[in-house]
Amino acid sequence: MFAGTHRRIVSIWFPRLASDRALRACPVDGPFALSQRIGSAETIFCLNAAAEAAGLHRGMRMADARSFCPGLVSRPARPDLDARFLAGLRRWAERYCPWVGLEGADGLVLDVTGAAHLWGGEAQMCADIRARLARAGIPAQLGRGASRGAAWALAHFGGTEDDLLALPVAALRLGPDTVTGLQRLGLRRIGDLAASPRAPLARRFGPDLLTRLDQALGHSPEPVTPETEPPQFATRMTLPEPIGLESDVMAGLTRLLGPLCAKLAAHQAGARRLCLTLRRVDQASQQVELRLAAPMRDPGRIAALFARGLAEVDAGFGIDQLRLEATLVEPLAPAQIGTAQAASPDRLADLLTRLGTRIGLENIHRFLPAESHIPERGFLIAPAAFSTAQGGFHAPRPRPLRLFPPEPITATGPNPPARFRWRAMPLTTARATGPERITPEWWLEDDKWRHGLRDYWRVETAEGRRLWLFFTPQNPGWFVQGEFA
């Protein structure tokens with residue numbers, strides 16, 4: 001274990017990471033820039049060397065850039081893809097040492113302490129990094145030093161460790177206002193800053209200035225924290241001989257499910273979406289996707305649910321490789337098994353999964369309670385696979401079993417009619433209970449409730465119908481909206 005006295009850091013800076021990533025996907029000859037909208041203005045986010053040679057720079061308005069360079073090719077910036085690209089470069093850099101972290105949005109930092117000798121020394125290691133990145137078409141600037149701050153400064157401003165004190169104060173990773181203030185005082189180099197009294201600098205610029213100076217000079221520690229890789233829930237099987245029978249594919253799937261579910265259990269997770277890729281001997285592949293109604297890691301249950309998808313697979317001249325991956329994973333805490341109470345939710349989830357493979361999980365709905373005194377808004381409809389069953393359906397007054405859009409009937413006056421006709425049926429009122437006044441929710445727009453108040457009545461007819469009627473006082477009229485059991 002190294003105590004830190006001989007610590008060695010390598011910093012890799014990608015000056016045009018975003019544009020290099022975009023040009024790798026779709027090359028362009030000539031000036032190229034990525035645009036980003038800031039407020040109402042569209043500005044340059046990143047550009048290639050040809051655009052810089054034409055006099056363009058970052059932050060320049062795109063309208064001005066096109067007037068300077070009519071042949072400029074531009075695309076919208078994608079910071080999310082840039083971050084993913086940088087994460088891939090970080091994983092690639094682990095070939096040189098295990099301690100690799102991100103340095104902002106366009107750089108990497110490597111703690112190569114005790115690892116450089118494996119490559120013949122730091123110089124040979126850095127030369128290999130430059131060569132491999134150059135072959136990939138990714139320009140990079142490297143700096144190496146005894147501290148993270150020194151390596152960053154040398155990567156961005158060039159030079160060797162002996163030139164650190166001669167670098168400008170901007171190499172200390174300071175804000176532009178602090179750099180401008182130091183330059184006005186005549187402190188333009190790191191050496192000038194290191195030779196100045198510390199107390200006046202701390203009072204004027206705050207403690208961050210001296211912290212950055214100490215980090216660059218190696219007087220204050222600055223660790224390199226490697227990024228943690230998310231677990232990959234996937235397993236693969238390569239067969240010595242091609243298979244084509246459905247039973248053989250199911251047997252291979254069963255063998256893959258064992259280690260996959262064990263890994264899910266170790267991380268207290270369950271698969272919500274699984275993808276089985278079957279590679280044929282002619283290099284073609286087929287995928288069978290299984291979307292589960294609930295997180296699951298039981299190999300037996302998952303294998304049974306895959307049966308319908310495997311029946312539609314065309315094996316061709318044979319399948320020589322199977323790959324199973326859990327593409328969507330959700331937390332799933334350990335649960336007690338072996339009781340009837342625990343088995344009931346599993347059976348419901350399996351049923352939803354089987355129905356979902358035929359009609360889609362989004363098309364299976366359940367009702368959820370909602371806080372509203374309006375009859376039509378007393379419940380919500382949500383996909384059953386992506387929601388949890390809830391109780392709490394409580395109404396202060398009786399509500400009909402069937403609720404439908406209001407249907408007008410012919411009647412006058414505020415009291416329920418003694419006789420009326422509904423759906424071509426003549427009905428006679430035997431008993432009426434009410435009224436229950438319901439007011440509209442004024443904070444929501446609803447065309448059905450724009451007419452104002454409603455007085456609801458429970459009407460029992462001599463013919464056996466038990467209806468839910470309401471009267472609108474502001475615009476006199478009677479309507480039937482529901483029927484009790």
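Two strands count as paired if DSSP finds at least two bridges between them. Helices (H or I, at least four residues) and strands (E, at least two) are DSSP runs, numbered from the N terminus. With that in place, let me start with a sheet. Strands S8, S11, S9 and S10, in that order, form an open sheet with antiparallel pairing. S8 and S10 are its edge strands, each pairing on one side only. On average, neighbouring strands here are turned by 15° against each other, direction ignored; axes are lines fitted to C-alpha atoms, for helices over the stretch in contact, and angles run from 0 to 180 degrees between N-to-C directions.

A word on the source: this is a predicted model, where local features need pLDDT of at least 70 and side-chain atom pairs count only at pLDDT 80 or more, while totals for chains, interfaces and linings use all residues. Residues are numbered from 1 along each chain as its sequence is written, and side-chain values use heavy atoms, with hydrogens and water left out.

Back to the sheet. S9 and S10 run antiparallel and are joined by eight bridges. Leucine 274 has leucine 290 in S10 as its bridge partner. Two helices come next. H11 lies across S8, S9, S10 and S11, at about 35° to S11. H12 also packs on the sheet, where it touches S9, S10 and S11, and its direction makes about 140° with that of S10. Contact here means heavy atoms within 4.5 Å.

What does the largest nonpolar core contain? It has 31 residues, and those with the most contacts inside it are Leu274, Leu276, Phe306, Leu322 and Leu324. Such a core is a set of buried Ala, Val, Leu, Ile, Met, Phe, Trp, Tyr and Cys residues joined through side-chain atoms within 4.5 Å, buried being under 20% relative accessible area with a 1.4 Å probe, protein chains only. H11 gives the largest share of this core, eight residues. Phenylalanine 306 touches Leu253, Leu274, Leu276, Val288, Leu290 and Leu324, leaving aside residues up to four places away in sequence. Another core, of 22 residues, lies apart from it and includes Leu17, Cys97, Ala115 and Met125.

Last, a second sheet. This open sheet has six strands in the order S14-S19-S18-S17-S16-S15, paired antiparallel. Strand S14 (402-409) and strand S15 (419-422) stand at the edges with a single partner strand each, so one side of each has no neighbour in the sheet. S15 pairs with strand S16 (residues 425-438) in the antiparallel sense over four bridges, and tryptophan 422 stands opposite methionine 425 in S16.

Definitions and conventions:
Buried means under 20% relative accessible area, exposed over 50%, partly exposed in between (1.4 Å probe, protein chains only).
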